[in-house]
Amino acid sequence: MATAATADGVAPDGSPYPDRRRPTFEREVRAMFTHIAVRYDWFDHVASAGNDYLWRPRALWDLDRFHDGHPLRRILDVGCGTGDLTVLAARRFPRAEVFGADFTGAMVARAEARTVRDGVRPRVRYGRASALHLPFRSGTFDVAMSAFVARNLPNLRTAFGELRRVLAPTGTLLTLEITEPPSPVINRLFHAHFDRVVPWLGAAVHSAGPYRYLPESLKFLPDHDAMLALLHDVGFERVEARRQSMGIVTSYLAGAGIPESRARHR
Ligand SMILES: C[S@@+](CC[C@H](N)C(=O)[O-])C[C@H]1O[C@@H](n2cnc3c(N)ncnc32)[C@H](O)[C@@H]1O
C-alpha cells in the first residue's frame, strides 16, 4: 500500500489525502470529511461489515454502567459527524439535551437533516466547532464523548484537555476508537481488511485518498496503555478501557477528576 500522500494533499484520483506532517493538516482533514460526507454512513456500514451498528450502542451501554448515577442532563458529542452517536445518546438518555459539535459543515448539515424528523429532535442541537477550542464554558456537560475522531486530531492532549475543561466535576468522558486487536491472529486479519480491502473499496468510489489515510491515521493513535496514561496525565481519574469486537474498537472511559472546590473557581 502506498503510504506517502502527494505534496498537495490530493490523491491521484483527485480526492483529499491528508498528511499530518503538513501544517495544513487540519484543513486537509476538513476537506476530506467534506468530500466523503455524502457517502460516510453507508461506507462506514460496508467497511465495518455492519459492526458499527453495534459499536456505538455498546459504547453508550459502557458509559451508562461507568458513570456514577448522577442524572445526565447535558451531553456533548465532539466530532459528531452525521450524528449517529448524538441521536443514539438522545434516545438512550431521554432527559438529556445533546449537543453535537463538528468542524466540517457538510457533516453537520447531514446530521441536521437526519435528525429533523426524529422524535429526539427537540433535545438535540448541532453546531460547528473545533475539538481543540470548544466554544463552551467550563463545567457545562455531564458527558463529553467522541467516536472515531481522536485519530484525526493534530494534538490529542489539547483535545482531551478541552473535553475535561467542559465537563462538570462529576462528568464522564467517553472516547470510542478503532484500536489494534491484541490477539496476533485477529490483528493480522484486521490489518488485511483495514490496510488493503478498505483502501480498495475507497478507490472504487473515487475516494482513494480518504481511505488510504484511514489505516495510516491509526498509526498515530497512542496504543492501549499510552492512551490510558495520557488520560491520567491530562487529569482524568478512574480511567478504563473496554474492548469490543476482539479489540478492533475500544471505549475509553474516565471521570473528570475535578475537585468540587476547584470547580467553583473555573
Ligand atoms: C470518522 S468521523 C466520526 C463521526 C461520528 N463521531 C461517528 O461516530 O460516525 C470524524 C468526525 O470528526 C470530525 N473532526 C475531525 N477533526 C475535528 C476537529 N479538530 N474538531 C472537530 N471535529 C473534527 C470530522 O469532521 C468528522 O465528522
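Which residues does V143 touch, not counting residues up to four places away in sequence? V143 touches L63, L72, I75, L76, G171, T172 and L174, where contact requires C-beta atoms, placed from the backbone, within 7 Å. This is a predicted model, in which local features need pLDDT of at least 70 and side-chain atom pairs count only at pLDDT 80 or more, while totals for chains, interfaces and linings use all residues. Residues are numbered from 1 along each chain as its sequence is written.

V143 is among the residues with the most contacts inside the largest nonpolar core, together with I75, L76, A144 and L167. This core has 70 residues; a nonpolar core is a set of buried Ala, Val, Leu, Ile, Met, Phe, Trp, Tyr and Cys residues joined through C-beta atoms within 7 Å. A residue is buried if 20 or more other C-beta atoms lie within 10 Å of its own, exposed if 12 or fewer, and partly exposed in between. The largest share of the core, 6 residues, comes from β5.

Helices (H or I, at least four residues) and strands (E, at least two) are DSSP runs, numbered from the N terminus. Seen as a whole, the open sheet has 7 strands in the order β3-β2-β1-β4-β5-β7-β6, with mixed pairing; two strands pair if DSSP finds at least two bridges between them. β3 (124–128) and β6 (237–244) each have a single partner strand and stand at the edges, so one side of each is left without a neighbour in the sheet. From one strand to the next the twist averages 15°. β5 (residues 167–178) and β7 (residues 249–255) pair in the antiparallel sense over 7 bridges, and L173 stands opposite A254 in β7.

Two helices lie across strands of this sheet. Helix α5 (residues 105–115) lies across β2 (97–102) and β3, and runs at about 165° to β3. Helix α6 (residues 156–165) lies across β1 (74–78), β4 (141–147) and β5, at about 140° to β5. Axes are lines fitted to C-alpha atoms, for helices over the stretch in contact, and angles run from 0 to 180 degrees between N-to-C directions.

Around the ligand there are 19 residues, the closest being G79, G81, T104, A131 and A147. Helices α1 (25–36) and α4 (84–92) are the elements that give two or more residues to this shell.

V197 lies in helix α7 (residues 184–204). V197 counts as partly exposed because it has 13 C-beta neighbours inside 10 Å.

Methods: A residue is near a molecule or strand if its C-beta atom, placed from the backbone, lies within 6 Å of it.
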